[in-house]
Amino acid sequence: MRKQLGAVWVIAEQTGGRLAEVSLELLGKARELAALGGGSHTSAVLMGSEIRHLSEELIACGADQVILIDDQRLELYQNDTYALVLEALINKHQPEIVLCSASYCGSELSATVAAKLETGLAAHCVDLHINNRGEFVQVVPAFGGMVLGDILCPKSRPQMASVKPGMFQKPDRDTTRTGKLIKETVAVLEGYKSPLKAVRVVQGQPSGLPLEEAETVVAGGWGVGADAWCYLEQMAEALEGAVGCNRPALDEGWAKGEHAMIGTSGKTIRPQVYIGFGVSGSAHHVVGMKDSGVVININKDPQAPVFQVSDYGVVADVKKFLPVLLEKIREQRGK
Ligand SMILES: Cc1cc2nc3c(=O)[nH]c(=O)nc-3n(C[C@H](O)[C@H](O)[C@H](O)COP(=O)(O)OP(=O)(O)OC[C@H]3O[C@@H](n4cnc5c(N)ncnc54)[C@H](O)[C@@H]3O)c2cc1C
């Protein structure tokens, strides 16, 4: 028999008074889970300083209530203070499910709070749903990304999950929605002396077209190698697209930075055309590109799993294939 779920919470992430898109995406999913869980409610937890105005946006995007903690001491994200406040809130309100962004701050905060509460956290989930027994199922890539595993947290509460940006659709804004505003305090911080001091937030700005805005993404994996990586960059330029990568290419330093990584711990992209070179097709990478328009892959192994998610496949050695293809593209485009 299905049991009714308790409240579903979303920890709303904001920087400098701007909400992160992922928090709104999570609210859409939270509403879906609450409805499937027998009509429980959805709350957004909003922490920061001078951020009350953001509660309207959270309600318009699906929060039934906003738990607001507006305090100067929370102006900048700091792991210890945010974790103390969130732990106290969870102990007080006892939500059933807590959803966080798998951003750098969200990943750190959710792990700290889950450890404090001695509960389970499924990190970097690629899907969330309620099964026919009414249980909350957290889907994560497992065994090197070759399979997707269903995680249940049957005993401890709350059930916590982190999800990276782009996994779920942002709900349409409905300004006619109304919701409750619950103000909370940071009483738990009285007398607490933090060994840390957050000074300011500095956001890096990668050069070139952002991966998620490119209509064509040329992605490289381990098979490309250091010497042939330059061809990917030239090809992306010739196609007016962007270069993406997977974990090995980033770790080797061939790709220019984290902003280029596609997958569970990277970005989720939906370009019109994705062209992958020397990419095996691990679930960790595929979840980030599977919704691309046309998927083309080049791999020397005809059995490579990536061909199962490709519209077109080429069996070839990318180190030889890349320069030839680049020349053809340039010829065609007159570049
Ligand atoms: C918690 C966790 C999170 C992760 N998150 C991500 C993530 O977000 N994104 C991500 O991408 N990965 C992620 N990974 C890593 C992921 O699981 C895989 O290990 C990785 O994606 C594999 O990269 P690859 O396909 O390039 O390498 P490999 O598995 O080594 O495959 C290389 C492929 O290239 C082919 N090849 C080799 N040489 C050539 C050649 N000369 N010509 C043509 N083809 C060639 C081979 O046939 C093979 O198919 C994560 C792993 C963990 C554990």
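Student: Is Q94 buried or exposed?

Tutor: Q94 is exposed, because its relative accessible area is 56%. The cut-offs are these: buried is under 20% relative accessible area, exposed is over 50%, and partly exposed lies in between, with a 1.4 Å probe and protein chains only. A word on the basis: this is a predicted model, where local features need pLDDT of at least 70 and side-chain atom pairs count only at pLDDT 80 or more, while totals for chains, interfaces and linings use all residues. Residues are numbered from 1 along each chain as its sequence is written, and side-chain values use heavy atoms, with hydrogens and water left out.

Q94 belongs to the loop between α3 and β6. Helices (H or I, at least four residues) and strands (E, at least two) are DSSP runs numbered from the N terminus. The backbone of Q94 stands out: its phi is near 55 degrees, a positive value in a residue other than glycine. E118 also has phi near 55 degrees and is not glycine. Its place is the loop between α4 (104-117) and β7 (121-125). E118 counts as exposed because its relative accessibility is 69%.

E96 counts as buried, because its relative accessibility is 16%. The side chain of E96 reaches the backbone nitrogen of G6 at 3.1 Å. That is a polar contact: a pair of N or O atoms within 3.5 Å; within protein, one must be able to donate a hydrogen and the other to accept it, and residues adjacent in sequence count only if both atoms are side-chain atoms. Leaving aside residues up to four places away in sequence, E96 touches L5, G6, A7, R157, P158 and Q159 (heavy atoms within 4.5 Å).

The peptide bond from R157 to P158 is cis, with omega near 0 degrees. P158 sits in the loop between β10 (147-151) and β11.

Follow the chain into strand β11 (residues 159-163), and S162 is there. S162 counts as buried because its relative accessibility is 1%. A polar atom of the S162 side chain lies 3.0 Å from the backbone nitrogen of H124. Beyond four places in sequence, S162 touches several residues, among them C100, S101, S110, L121 and C125.

Now the strands β4 and β5. β4 (residues 42-48) and β5 run parallel, joined by 6 bridges; two strands pair if DSSP finds at least two bridges between them. β5 (residues 65-70) is largely enclosed by the rest of the structure, because 5 of its 6 residues are buried. M47 is in β4 and stands opposite I69 in β5. M47 is buried, because its relative accessible area is 4%. Its C-alpha atom is separated by 7.9 Å from that of D71, 24 residues apart along the chain. Away from its sequence neighbours up to four places off, M47 touches I11, Q14, I69, L74, Y82, V85, L86 and L109.

Last, the ligand. It is surrounded by 26 residues, and the closest are W222, N246, S265, S280 and H284; the limit is a heavy atom within 4 Å. An N or O atom in the side chain of N246 is 2.6 Å from an oxygen atom of the ligand. A backbone N or O atom of K300 lies 3.1 Å from a ligand nitrogen.
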